[in-house]
Amino acid sequence: MSPISTPDGSSSPARPANSPTGGPTASADRAAPRPRPTAEPDGVHPTQPATDPTEPDHSENDTSRPDPTGDEASKPAPTGNDTPRADPTGNDTSRPDPIGNDSTGPHPSTVHLSTADRTRSADGGSVAEQATRDLAAQFEDEKPGRVLTGPAGLLLTGVSLAVGALALWQVFRPLSQGSKYYLIIFLAGVLPLVFLAYPADLRLPARLRARRRRDSTDRDNADRDSESTRARPTVADWVLVVLAAAACLYPVLPMTIGTGGGGYNAFLDRQGLLAPMDLVLGTVLLLLLLEACRRTTGWILPAVCLLFLGYGYYGGLLPQSWPVAHAGLDFSQLVDAFYNSDSGFYGTPLDVAASYIVLFTIYGAVLELSGAGRFFVELSAAAFRRSRTAAGRTAVASGFLLGTVSGSGAATTVSIGAVTWPLLRRAGYPPERAGGMLAAAGVGAILSPPTLGAAAFIIAEYLGVSYLQVLGWATVPTGLYYLGILLSVEIDARRSGVRPVVIDVGSPWRLLARFGYHFASLIAIIVFLAVGMSATRAVVFATILAVALSFLAPARGQTNTPARGQTNTPAQDRTNTAAQGQTNTSTQDRAHRLTPARLVTALVTGVRGVLAVTAVCAAAGIITATTTKTGLGPQAAALLIGGAEAVTSDPTLVLVLTALLAAVALSLLGLAVPVTASFVIGWVIVGPALLDLGVTAPAAAMFVFYFAVLSEVSPPTALAAVAAAAVTGGRLVPTMWQTLRYALPAYLTPIAFVITPAGLGLLGVGGVRRIAFAAVVTALSVAVLAVAAGGWLPGVGPAGAPERVLGALAGVTLLWLEPVPVTVGTVLAAVAAAGVFLRRRSADRQPSDPVEEKL
């Protein structure tokens, strides 16, 4: 399980590709490439090489795929057999199984996770680990950043430590000037770091690039120079750093600059009537935030912000008969709303990033460095090590457990995929189906308590509730989401003839007894919140607990590690494993104790991980301020409701149609912008429409939240599915459709708690009876939909087209949590199940072909 740990034996932080304290790493340009569809002969799958017809192949011997971690594919097999096979894709199939097991062994095969990667790179780190980190960064919502060294690295480390210390100080001793003053200082520390940590990445036109290549006398030197330049901040970057610091600190500087300046109180007094210097620096900050978003997330979010900005400025020119027309705002009014109001740059989204997200990213970095991520994957493997669906269950459980640390869908997908894809392949899963499973499990990271992602904290701030309440709202839907995935895994195992894979990781009880302390800090957060502690203090105390418990980790094992550039033979690996003992897992081979130096690394990594989120949250102020100033929210809500009322006048159907239209709109919006921005935009536009129709605030907020999250698995972008396809080497579009099949409950459950009052039970609201009724009925709906999508009823057999159609109707009907629809849905589900049973009995009774006998 190499991708979980760093070269020094510690677990990799949440964004290791950007770590300012580590050595130089491979850039994203050298990471594993995204898969490209290849022409395939009819009936031939690129991962199913020709085999002996006398012995069926269950894809355990599928060695046609390139190693997802980027290792060279031409290494000799550990068994000494280096005989290439024919492969319709033309890939070299002579490479060994990436988990180091002989693929020709008897069924079921045994997988030793503790010997997953013995090859060491020149810098002492694992080649597989490095490639996995690069790949994870490539498919994040944010782009991969620079690895800074020298003065720039020292500056980034020093400022990051200062920002982290300020965030911790604010928890216990808030600044006397108020929260907005803190946000100004926080943004002044973070925004300049964005221009240091993230390159401009502006590419020259193709003609100029070709001319540069022709003029270069040494192509390799030119490429190295280009990478070196990309890794160093340019003069323009340093100019932007200075401008960002000046524009952010200007509101609190005590000096007078013309008619502006004069300190924080004087700046606030000029609200609504900005001085020329206020207007200039506010415009500079606006442009810098757009550029920071472009560097971290791409062009789409800045374009959306500019669209809202243009609407605010030119909306007065629209025909006043249009519902979205407004009186119009001049540029100074817009800058004032952005720069000197509580709904602009320094609004709720930035407050959430500065008060909550930075602390949770530090906590996540501490957990990773203490070895929690590695333990969670090993525990998942150990829990299901001898079941028929061990590989699939391990992938799903790993996604859930790692989600408590990560909070990022694409990154979690890559992390669990690099470890569990070899298991899934040996079990017989095609790459596309395995990729869909990995993507769906990875996206669950954003839905898994206690860290639900930035949007969950924004929900708490918008609705004025505690974060524990938001966790309570998310608990039942998260359980239903993973129930649907697990049922799909079981169905696939029976429908596709998945073979058992015995995972040799020892007893789960011994793992829990030795490393179960990693759960303590996660449980502590819930306990602290339950006794009334604020979320910020709860996560700080949980971080302290995780640091203290890290010293329970065993010391580094004395294994026979090969020298740099060398590789142990399989015999040596087996000797090392035997010497460690049968219960000694790979986790015990590394030290995870958080010494002061590693605590500094965790703090810097946590602050580094919040840079892109801060840029997005501050830029979201452009959207919220424009919406507030122009009244766009109520106008858009009226348009949405009006579209539904044009179809029907029945209030119930109007609500259903509005919810469906809102779901489509949110899904399309989420394709273009990160989850946090998608939620903010969806809440200010779609939220009012749902509230106007009588939907409660918790149900409306969680509805918007779920569809914002699902953008990571929604075609045609589907970041998590693209990342999974890159790991498995599967075809992209089929991987996306498989992901949709696994994530189907997540698309339907939010509609259930919006269209009917009983649906509030799914959010844990309304008493025990309502909660139990909603959970049980929706679980039945999820199960029926899984059978309809998978075409198999566990314990009975395959489902035909009529039964699948009936099952789909039953599952959708059950989501209407009222007595009559539930009764109808239950009857339809029973009829579908009876049809599958009768089909099975008919198949069993069908006589075999008669044998002709000659008399």
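A residue is called buried here when its relative accessible area is under 20%, exposed when it is over 50%, and partly exposed in between (1.4 Å probe, protein chains only). What you're looking at is a predicted model, in which local features need pLDDT of at least 70 and side-chain atom pairs count only at pLDDT 80 or more, while totals for chains, interfaces and linings use all residues. Residues are numbered from 1 along each chain as its sequence is written, and side-chain values use heavy atoms, with hydrogens and water left out.

Let's start with the overall build. The chain has 34 helices and 6 strands; these are DSSP runs numbered from the N terminus, with helices being H or I of at least four residues and strands E of at least two. Take the contacts (heavy atoms within 4.5 Å) with a separation of 6 or more: 77% of them join residues 24 or more positions apart.

Now step inside. A nonpolar core is a set of buried Ala, Val, Leu, Ile, Met, Phe, Trp, Tyr and Cys residues joined through side-chain atoms within 4.5 Å. The largest one here has 220 residues, and Leu 191, Tyr 467, Phe 703 and Phe 705 touch the most other members. Helix H11 (residues 348-369) gives the most to this core, with 15 residues. There's also a second, separate core of 8 residues, with Ala 786 and Val 836 among them.

Leaving aside neighbours within four places in sequence, its contacts include Phe 360, Leu 452, Ala 456, Phe 457, Ala 460 and Leu 529. Ala 456, Phe 457 and Ala 460 are among the buried residues of helix H16. That helix (residues 454-463) is largely enclosed by the rest of the structure, because 7 of its 10 residues are buried. What do those buried residues pack against? Their partners are H11, H17 (467-495), H23 (611-630), H26 (675-685) and H28 (697-709).

How about cysteines? The structure holds 0 disulfides (pairs of cysteine sulfur atoms within 2.5 Å). The sulfur of Cys 293 has its closest cysteine sulfur in Cys 305, and at 5.8 Å that is too far for a bond. Cys 293 is buried at 0% relative accessible area, and Cys 305 is buried at 2%.

Charges come next. A salt bridge is a side-chain nitrogen of Lys or Arg within 4 Å of a carboxyl oxygen of Asp or Glu, and the structure holds 10 of them. Arg 741 pairs with Asp 492, their closest N and O atoms being 2.9 Å apart. Arg 741 sits in helix H30 and Asp 492 in helix H17, so the pair ties together parts 249 residues apart in sequence. Both Arg 741 and Asp 492 are buried. Lys 180 and Asp 342 also meet in a salt bridge, at 3.9 Å from N to O; here Lys 180 counts as buried at 10% relative accessibility, whereas Asp 342 is exposed at 60%. Elsewhere, Asp 237, Glu 291, Arg 294 and Arg 295 are linked in a network of salt bridges.
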